Amino acid sequence: MNISLKWLKELIPYTVTPEKLGSLFTIHSQEVDSVEKLVDAEGLVIGYVQTCQPHPHANSLSVCKVDVGDAVLNIVCGAPNVAADQTVIVALPGARLPGGLKIEKTVIRDEASAGMICSLSELGIDYKYHHEDGIHVVRDALKPGTDALAALHLDDHVLSLDLTPNRADLLSMHGVAYDVAAMLDRPLELPNVSVEATGDQAVTIKTETPRCHSYYGRVLKSIVIKPSPQFMQARLIAAGIRPINNVVDITNYVMLETGQPLHAFDYDALNSDTIVVREAQAGETFVTLDDKTRTLHAGDILITNGREPVALGGVMGGADTEVTSETTSLLLEAAVFDAITVGKTSRRLDLRSESSLRFERKVDPEKTVYALDRATALFMEYAEAELVGDKGYFDHTASTDAPITLSLEKINSVLGGNYSAEHVDSILNRLHLPFSRNHHTYDIQPVSRRQDLITYQDIIEEIGRISGYDQLPNTLPNTVAQGGLSLKQNLRRRIRQALTGLGLDEAVTYSLQQEAHIERFSFNHETPIKVADPMTDLHAALIHTPLTGLYDVAKHNAARRQYDVNIFELGTCYTQAGEVERLGLLMTGSYHPYRWQRTPQTDFYTLKGVIEALLDGLGLPAPTYQPIEHNDLHPHQAASLLLEGEQIGFLGKVHPKMTSEDHLSDVYVAEIDVETLLKMSPEHATYKPLQKYPSVERDLALVCERSLPAETVLEAIKAQGGSQLVHLDVFDVYMGEHLSDDQKSLGLRLLFENPEKTLESKTVDTLIEKIVEHLHKTYGITRR
Amino acid sequence: MDLKNTLAELESKLTEALKQTEKLEKLQDIKAEYLGKKAELSLLMRHMKDLSAEERPVFGQTINAAKARFTELIELRREALEAQQLEARLHAEKIDVTLPGPNFRLGRPHVLNRIIMEIEDLFIGMGYTIKEGPEIESDEYNFEKLNLPKDHPARDMQDSFFITEDRLLRTHTSPVQVRTMLEQGGSQPVKIICPGKVYRRDEDDATHSHQFMQIEGLVVDTDTTMADLKGTLLTVARAMFGEHRNIRLRPSYFPFTEPSVEVDVTCFKCNGNGCGMCKHTGYIEILGAGMVNDFVLSASGYDPSIYQGFAFGMGVERIAMLKYGIDDIRHFYTNDIRFLKQFST
Ligand SMILES: [Zn+2]
């Protein structure tokens, strides 16, 4: 809502500067977007064009003698519409126009020019408000030399308010004036209106729907259509509405003033003395005044002349009864329509207007007759209207609500302030809210102009905001509670700490991705959850794995020649069974540490090492692996990840077909189920006393079939080694010379300990023999 | 032969021999030559028997003193040679200390999670619990129980991604507050913050994102006040933006709170004097808040005649953008590694 401050000052004579008013509004009422001059210019006067001759050396220019009061100036003008005998706006030498343009005496093609004749656009008034291409010709014969902005009512400031939807009252000048009156504690001066009915031409108004709460109509005759007065046009422009003609402008002006939308029908075209308001039937059609045929839904509010529809209530009039330049009589409507219905209809038909906005946010039913009378008076003054009879109406407005009861103690207990009854009394008075007080108990009477004030909390807000929230102390809640993280939140932080410690960066990607990408790296083959009406195909379905987003991160970075990407994401994944949290890891390029020229490329085992470091750090047992297959993974470099036999995730190399299509080098990904990690995480670490007796280390070189998984061999050794075998490592894998093509050699390091005594070499040798014998018998493994 | 002259002669011979010696191993030979059993000094002892009883002790002492002196000379030379040798070895070990070390790197938590953790820790310190909830919510929890019935115009303010007629991606983390209150059964005080992802139908551009992170807070008790809200938010503003910040509350509207306020912090670039960042107002909007609407308390099982509370909610991206001067909200979700690496752990 844009507020003309000149207009506002008529309703509430205030003395503060526009800037101060703006900051008061922000603190006590609604956020102010800007406080600006309607026309930011200086040095403009009214001029009278005495003569206008073609420029001797330039076809498109004219040379004018312009009376500016104390002088007659020679001004060269380029506008095609300039002519003798016009009243115009002149920027004198030394004038400043919007955008900082300075006007100076100059010579244009050998003709002296002392100033400039202005168009409205040159004054910073947007073309959409005037549709004038040339200079502005002033209608009234104003005295040359007078201040042009003042004479044209353009010496105004505009306060632009960013309204919240509850404050429907601030969609009217009256409502704004009430709020300013409360802020500044000043009296209001709203105009009184009374219209004496003469004549006996009556209109009958009937309704067949509860969706029209009240409807007032009045016939006005002998209307003369012409431009509206300059002050009205200036105020409409300030409010952001284009002036059209006196009829349209007056209805808009009164709507801005009171918040009550009005509609004017061409009474002759209406061709009826009866208005019937009813609900539309599904499929019924109606031609709105933009000449479009609208198909209606059941329940849309229709205004009819008793036979056919003439307006879509609260939304738009009909083409057949539109006011034109030929119109001589009007039926003026002031009505209150159901907020929700107007909102739905206008949204559905994409016909949102200043009127529908006000109906949707609820108009003040007590302003309806005032608005009708106010407009009638303006029509009589500015459109030569003749009253030919009294208004017809029906009014089903519900009676006023019961008072709101509220105690001073409650006010202070909610705000945490220490306000006195006198203070609260004064705030309620400033707000013009009728109340009675019995000791500390208030009964406050709701008012129709503030339909947002319904509960005691609404009243507390009024007291808080008009007093100013800066008046409240800064305290902390008395509530004492034990704060902290849940086990899961804590685990999440430990995972983040471990992985960043290992050099991986954390990413956050979108939950909504392309539907075609949801199955990527996913072992969950159910239908993805889709949003009903996606904004774009790129964000249409919910992910099954964070890897969907992480893979795109690798692509984004590679496209920027950033090939070393080591990232993870802890993300929610969405399945038909519910939401689960999964950890995704992605590594590509090289991983630290590298030194100078040696930059090893990440491979399957790099990622495996990172995962094992993470699990170890979290106090979890060492995982085991089983080869798996997935369309998006390398058929021979992918494994499921098991923890004590339970699958917790997978890792693998992204299928080279996919990475080469996406111009990526080798990419390795892993996914781990966070819920399972949480379930298996030990509550705390377990302490084992440090070994007192020396341990015995033995290396073992074994030759086995190449296809035999190392894990099988290691598991077998562990089983045979028993509790005295405390550590087992692979330190070498060899294939090649001295071995046949289907063989490999594994170099293993075994560490034996006995917590009770020093192990004897003999005991260890016996164990080793037992292990080797078992391996030979079971897998045909030999010692090298 | 005069003993003193002999000894002096021997000492100067030894000194010369030591001077000529550059190798540690040679010192052993010199020691044998001058102090060994067959050394001249040892041979001199034989003359002892030719001396009188009075002369013997003096003679013995003189010889012993010379032995000690010779030993000292040899040891001094040994130390000098050892020092030389060490120096030579260290010199050979000289490296270019300006060459870089191996590329160890600590990864970075995502800046959004980093801010969430900071805020969580701040509130944990004040006795708050962290609560989370589902991102796919029912209309009832996301809207209706929060005083946003189906036709409420404020639903426009957070146009949402519906999945079915009744299920949608949550538009705020407020449903977690509702769930927590229902869990608490209407009789226990509530003191929580709720961080998480939320979704609204905004076209992605430099300042809008269809997905973003929010942190909301809720305190419900018999005596929770707007002044408590103000004090709490002042603490947050100072923790996030510096201890000299101040805040201001100005009226606003949210269906779930009444009174409702927007909270501005004094501009941390110009200290409230007005600059481009704060649009010359001296203040920057950081969050929305208010006293919990009675409707919401009742819908969540709390008797509004006994309980009252405050709630607040802030966008994590906005906080991060303000705090670090980040110019495009999409950076958070694009994860360019040049972006990720900037925010130290
Ligand atoms: Zn600033």
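1. Zinc donor spacing. Along the chain, the donors of the zinc ion are spaced as C-x2-C-x4-C-x2-C. They are the SG atoms of B:C267, B:C270, B:C275 and B:C278, at 2.2 to 2.3 Å from the metal.

2. Site geometry. The four donor atoms make angles of 102 to 114 degrees, and the site of the zinc ion is tetrahedral.

3. B:C278 has a relative accessible area of 3% and is buried. B:C275, at 14%, also counts as buried, because the cut-off is under 20%.

4. Confidence. The model has an ipTM of 0.89 and a pTM of 0.88. For chain B the mean pLDDT is 92, with 98% of the residues at 70 or more. Among the elements of chain B, the lowest mean pLDDT, 81, belongs to helix α3 (residues 40-44), and the highest, 98, to helix α11 (residues 331-334). Where pLDDT is low, predicted coordinates should not be read in detail.

5. Overall form. Chain B contains 12 helices and nine strands. Its radius of gyration is 43 Å, whereas the globule rule gives 20 Å for 345 residues, so chain B is more spread out than a compact globule. Along the principal axes, the C-alpha atoms of chain B fill a box of roughly 130 × 45 × 45 Å.

6. Packing and surface. Of the 345 residues in chain B, 52% are buried. Among contacts in chain B between residues at least 6 apart in sequence, 67% link residues at least 24 apart. The accessible surface of chain B is about 16100 Å², and carbon and sulfur atoms account for 51% of that surface.

Definitions and conventions
Residues numbered from 1 in each chain as written. Chains lettered and ligands numbered in written order. Predicted model: local features only at pLDDT ≥ 70, side-chain atom pairs only at ≥ 80, totals over all residues. Heavy atoms only, no water. Donors = N, O, S within 2.8 Å, 3.2 Å for Na, K, Ca; no water. Tetrahedral: all angles 85-135°; square planar, octahedral: opposite > 155°, others 65-115°. Buried < 20%, exposed > 50% of the residue type's maximum accessible area, 1.4 Å probe, protein only. pLDDT = per-residue confidence, 0-100. Helix = DSSP H or I, 4+ residues; strand = E, 2+ residues; numbered from the N terminus. Rg over C-alpha atoms; globule rule 2.2 N^0.38 Å. Contact = heavy atoms within 4.5 Å. Areas by Shrake-Rupley, 256 points an atom, 1.4 Å probe, with all protein chains shown as cover.
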